[in-house]
Amino acid sequence: MSVYQQSNLYFYLEPIIEAGDAEAFIELVKNTKAIDIADVVEEFPTEAVVALLEKLDSANLSYLFEEFEEEEKLRFVPHLSIGTLGRLFEDLPSDEQVSLFVMLNTEQRRQILPALDKEERDAIVELSSYPEGTVGAMTTADYVNIAETATVRDTWAKVRIDARTKEALSMIYVTDEYRHLVGVLSLQDLLMSNDDDCIKDIMVKDIIQARAEDKDRVAVELIERYNLEALPVTDGYGHLVGIVTMDDAMERLRESTADSFAKLGGNVPMSGPELDYEYSSFWRMFSVRGFWLIILTIFGVFTSAFVAKQEEILSEVIILAAFLAPIVDMGGNTGSQSATLVIRSMALGDLTLKWKDIWFVFKKEVPVALMLGVTVATVEVILAYFFKSGISVEVLMIIGLSMITVTFVGGLIGIFLPFIAKRFNIDPATLSSPMLTSIMDFLGVVIYFSFAYWFLSDLLIEAADALV
């Protein structure tokens, strides 16, 4: 039970940390929610916090450490002694052990590995070898594994032993003598079987699994689609590597959603951690956001340069300038709408990078985009006729046809860009919003002035002859 309100925890903790009162800190950790302490501890200097973390036993240390944000773990880990790191490895779940191992420097790894038992050491080294963003990188070795030749009685004995150290007990994973994954069974399957039954005879052989080399989104999609509590993971040879739990998958989904919002706003870094208002430094916020704004500015300069070259026609028909902005904006707006719908369907697993899905979306979008173009063009022409006196039929035709074309093209580009991004392993959200809008700004200007030269070419010829 939490005995301190989080709002007052800072003021309670401040004198403890300043005095380095280990006993009071230990007592606080035992009687307070770890998430509350982790949030407050992050406000204090690294050295002062590390000095108190060193005093905690393995259970309380791992209890608190798991709740630290990634940035805070990276801040504390380099300063922890080998003895403290060893205590952390004793009680952390295997996926947290892997994350911690990746944070260690070369010297810390060299000293900590001999202190781990062989099974633990092998699992950590194997799982830490998978790149970030893959299923292997989010895999845990905290699962119950039994040989296919074992009996139900043997399995119950194994479950009782592993219950002390494993976090995922609801499913038992069955392997052959070469550690190939050959089946799964649940605790309910065990309860309904006789003690002498062979596991090979009662296990389920139709296994939903992921490869360690797959993108991490594959695990999330499989767990969500089949409502799994855990997903077994195998390597390229079919050997059981570990499992991905539902909690880990949902955490990755939450992070992915947050990343997508950042990408939609042009805030995605080319490398390193994602931007965060709470943890990212001024220069990181400036450099990442500045990079994308410069890219978009370059698009804008190309567009402006193209418009500047149309001085001749604008000087003759100045009314065209009044309708440039709404026509150009419509392409970006329509494209963003279409892209958002496609990206959402991709995230839900409804659309994949298959020709039948691309063709389905194309057939769906063409009549919608065309009808939208006709509708907004009609509204634009009516408003132009009544609110701009003396406007010619040619200009009304330019406005109407430009609005239809820009809206239609924006819709088509909006549906194709996510598929193109997916094809080249780029997050589709990266190409949405500002980037898509910038592309459509340029195309919108080109389309608008193309119609203008088409309908008003005679006017330009007359103007040129008059000058001669």
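User: Which residues of the largest nonpolar core touch the most other members?

Analyst: A nonpolar core is a set of buried Ala, Val, Leu, Ile, Met, Phe, Trp, Tyr and Cys residues joined through side-chain atoms within 4.5 Å. Buried means under 20% relative accessible area, exposed over 50% and partly exposed in between, with a 1.4 Å probe and protein chains only. In soluble globular proteins, nonpolar side chains tend to be buried together. Here the largest core has 37 residues, and L13, F25, L53, L64 and L100 touch the most other members. This is a predicted model, in which local features need pLDDT of at least 70, side-chain atom pairs count only at pLDDT 80 or more, and totals for chains, interfaces and linings use all residues. Residues are numbered from 1 along each chain as its sequence is written, and side-chain values use heavy atoms, with hydrogens and water left out.

User: Which elements give two or more residues to this core?

Analyst: Helices (H or I, at least four residues) and strands (E, at least two) are DSSP runs numbered from the N terminus. The elements in question are α1 (6-19), α2 (22-31), α3 (34-41), α4, α5 (58-65), α7 (82-91) and α8 (94-103). A second, separate core of 26 residues includes M138, V184, L231 and A249.

User: What is F25 in contact with, leaving aside its neighbours within four places in sequence?

Analyst: Contact means heavy atoms within 4.5 Å. By that criterion F25 is in contact with L13, I16, V41, L52, L53, L56 and L64, its neighbours within four places in sequence being left aside.

User: Where do the buried residues of α4 fall when seen down its axis?

Analyst: The arc is taken from the directions from the helix axis to the C-beta atoms. In α4 (residues 46-53), the buried residues are T46, V49, V50, L52 and L53. They fall within an arc of 165 degrees, so they line one face of the helix. T46 counts as buried at 12% relative accessibility. Apart from neighbours within four places in sequence, T46 is in contact with R75, F76 and H79.

User: How many aromatic pairs does a search of the whole structure find?

Analyst: Rings of Phe, Tyr and Trp (its six-membered ring) pair if their centres lie within 6.5 Å; planes under 30 degrees apart count as stacked, over 60 as edge-to-face and the rest as tilted. The search finds 11 pairs. One of them joins Y10 and F11, edge-to-face, at 5.6 Å centre to centre with 85 degrees between the planes. Y10 is partly exposed at 29% relative accessible area, while F11 is exposed at 59%. Y10, F11 and F44 form one aromatic cluster.

User: Which residue lies over the face of F101?

Analyst: A charge sits over a ring if NZ of Lys or CZ of Arg is within 6 Å of the ring centre and within 35 degrees of the ring normal. R109 lies over the face of F101, at 4.8 Å from the ring centre.

User: What is phi of R179 and of N227?

Analyst: Phi of R179 is near 70 degrees, a positive value in a residue other than glycine. R179 is in the loop between β2 (168-175) and β3 (181-186) and is partly exposed, with a relative accessible area of 35%. Phi of N227 is near 55 degrees, also positive in a residue other than glycine. N227 is in the loop between α14 (216-226) and β5 (230-234) and counts as exposed at 62% relative accessibility.
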